[in-house]
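Subject: Structure for your review

Dear colleague,

Please find below the structure that I am handing over to you. My findings are set out after it.

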Amino acid sequence: MKRLYEAPAYDTAWPDSHWRRSQPVPAPSPALSGSATADVAVIGAGYAGLSAAHELVTRFGMDVAVLEAVQPGWGASGRNGGFCCLGGSKLSDKGIERRVGPEGARAFRAYQHAAIESVGAFIDGHGIDARQGPEGETYLAHSAAAFAGLRAEAASEPGARLIGPGELAGEGLSGPGFHGALQVPVGFPLHPMAYVEGLARVAMEAGVRIYGNSPVLHLAPKGDGWQLTTPEGEVTAKKVLVATNGYSSEDLPRWLAGRSLPVLSSILVTRPLTEDERQAQGFTSKVMAADTRSLLHYFRHLPDGRFLFGMRAGSSAAPKAMAETRRRGRQHFEAMFPAWKGVATESEWAGFVCLTGSLAPYVGQVPQAPGLYAALGWHGSGVAPGSYGGRLAARLMAGAEAGIPALLSTPPRRFPLPAFRRTGLALAYLAADLRDGTLPR
Ligand SMILES: Cc1cc2nc3c(=O)[nH]c(=O)nc-3n(C[C@H](O)[C@H](O)[C@H](O)COP(=O)(O)OP(=O)(O)OC[C@H]3O[C@@H](n4cnc5c(N)ncnc54)[C@H](O)[C@@H]3O)c2cc1C
């Protein structure tokens, strides 16, 4: 497994996250041992891989084995902010239209909505206790110009509501750097670990075999299918789905080399706030929120009174860089919510999201590799789009009508100068910080 970052980023221990602290560790999935066969082998047990596996078994009656390097949910699916929301691409609305036309842009929009509905229906239908708050999402303008941008955007989302600068306090959205907001009635917050572990349980009950501690080390064609080798076993499968997103290896499959860029995102969760503390800041809205900076901050009150605050981390996972990430995270939190300066951080952690060279996700066949598929590249918003993308990949692999939007159907390009992706990222961060302004660097 040839990976892009320093070893600590791939430490197989559970990160000490609020999610792991608040959700009992389930019985571990056993490692693959010896030889096995399957109709489909899925690499990666996050939202995408598990949703695909569940769909293949329940809808198409296939025999599916999921191979996971650590345990289900160990990747980004067990570490994220729990925003089940719109997103999935780093292209602007105009950029999407330029690439796939107005019809393709509408199809991508419909995909994002269908994805949120699909996750909601899944957790409700299977009694997974993961919902954490009211529907909707608030985008808070970080400048007057950004508020003008939100005003222009308001028309594109039915039911969207503009909140002027003078109305923020009445909505419980006060903060020193907020210049107005746009609230959309779409999406909902969830407990990401409860969702991914519930998904794994439901998939196993349906017949999916999940093998934990089973990193796929080699993947090679065998007969009219594929052979996957793990430290203690091997699986021969007719088809394979690569669902490794930000935890992908450059050489698995080799086609992926240089086409994806894992990017670290970090989260801190405070101790529970008192009602007086919430009022002192004036930020009391339970609706999940993000600001409009290009390097955005995302935040929300958790049901138990704690406050979650997330932002991008640096371009290195070395211990010194991660210490700097924690320092900067706390600094931005205090700058945006000064009344909570004295409120201690209780847990903090980081994980990888995944960009692609095309700035859009990919759900489809790996070119020139019959039977090999990929579903990845959710660009920091994979709770809904990743889950649904996995289901669409399953339909495609089963030969059914999948309805994959054009934006997700084109294999990602390689990044220019792939060897320098992290250097490029550091430069992009510098430029974005300068553009975003106002917060300490
Ligand atoms: C800090 C953070 C905050 C985020 N916040 C949000 C949010 O609020 N809302 C949102 O929509 N999205 C958010 N995201 C993004 C979202 O979590 C991801 O897009 C999503 O979880 C990706 O799911 P996945 O199944 O594609 O990949 P992952 O969940 O990352 O799973 C990939 C799995 O593949 C396994 N794997 C890798 N290589 C191998 C191999 N060779 N063999 C076997 N297994 C392998 C890994 O161990 C891993 O478990 C956030 C991400 C992070 C890190």
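This is a predicted model: local features need pLDDT of at least 70, side-chain atom pairs count only at pLDDT 80 or more; totals for chains, interfaces and linings use all residues.

Annotated domain

The UniProt record, an unreviewed entry, lists residues 39–396 under "domain: FAD dependent oxidoreductase".

Strand 18 comprises residues 372–376, and five of the five are buried, so the strand is largely enclosed by the rest of the structure. In a regular strand, side chains alternate between the two faces of the sheet. Here Leu372, Ala374 and Leu376 lie on one side of strand 18, while Tyr373 and Ala375 lie on the other, and all of these are buried. Both faces of the strand are therefore covered, as the burial under 20% relative accessible area shows.

Two pairings of strand 18 should be noted. Strand 11 (residues 233–242) runs parallel to strand 18 and is joined to it by three bridges; Val240 has Leu372 as its bridge partner. Strand 17 (residues 362–365) pairs with strand 18 in the antiparallel sense, over four bridges, and in this case Gln365 is partnered with Tyr373. Strands 17 and 18 form a hairpin with six residues between them. In the turn, Gln368 has a positive phi of about 60 degrees.

Second largest pocket

The second largest pocket has a volume of about 500 Å³. Its lining consists of 27 residues, and those nearest its centre are Met322, Arg326, Glu348, Trp349 and Ala350. Two or more lining residues are given by each of strand 12 (260–270), strand 15 (307–312), helix 7 (319–336) and strand 16 (345–356). Strand 16 provides the largest share, with five residues. By residue class, the lining of this pocket divides into 17 nonpolar, five polar and five charged residues.

Gln112

Is Gln112 buried or exposed? The relative accessibility of Gln112 is 4%, so this residue counts as buried, the cut-off being under 20%. Gln112 is found in helix 3 (residues 93–125). Apart from neighbours within four places in sequence, Gln112 is in contact with Leu86 and Gly87.

With kind regards

Definitions and conventions. Residues are numbered from 1 along each chain as its sequence is written. Side-chain values use heavy atoms; hydrogens and water are left out. Buried means under 20% relative accessible area, exposed over 50%, partly exposed in between (1.4 Å probe, protein chains only). Two strands pair if DSSP finds at least two bridges between them. On a 1 Å grid over the protein atoms alone, a cavity is a set of points where a 1.4 Å probe fits but cannot get out, and a pocket is an open set with protein on both sides within 12 Å along at least five of seven lines; lining residues have an atom within 4 Å of a point. Grid points are joined across faces, edges and corners, and a volume is the space filled by probe spheres set on the points. Ala, Val, Leu, Ile, Met, Phe, Trp, Tyr, Cys and Pro count as nonpolar, Asp, Glu, Lys and Arg as charged, and the others, Gly among them, as polar. UniProt positions are given in the numbering used here, feature names are shortened, and annotations may be inferred rather than shown by experiment. Contact means heavy atoms within 4.5 Å.
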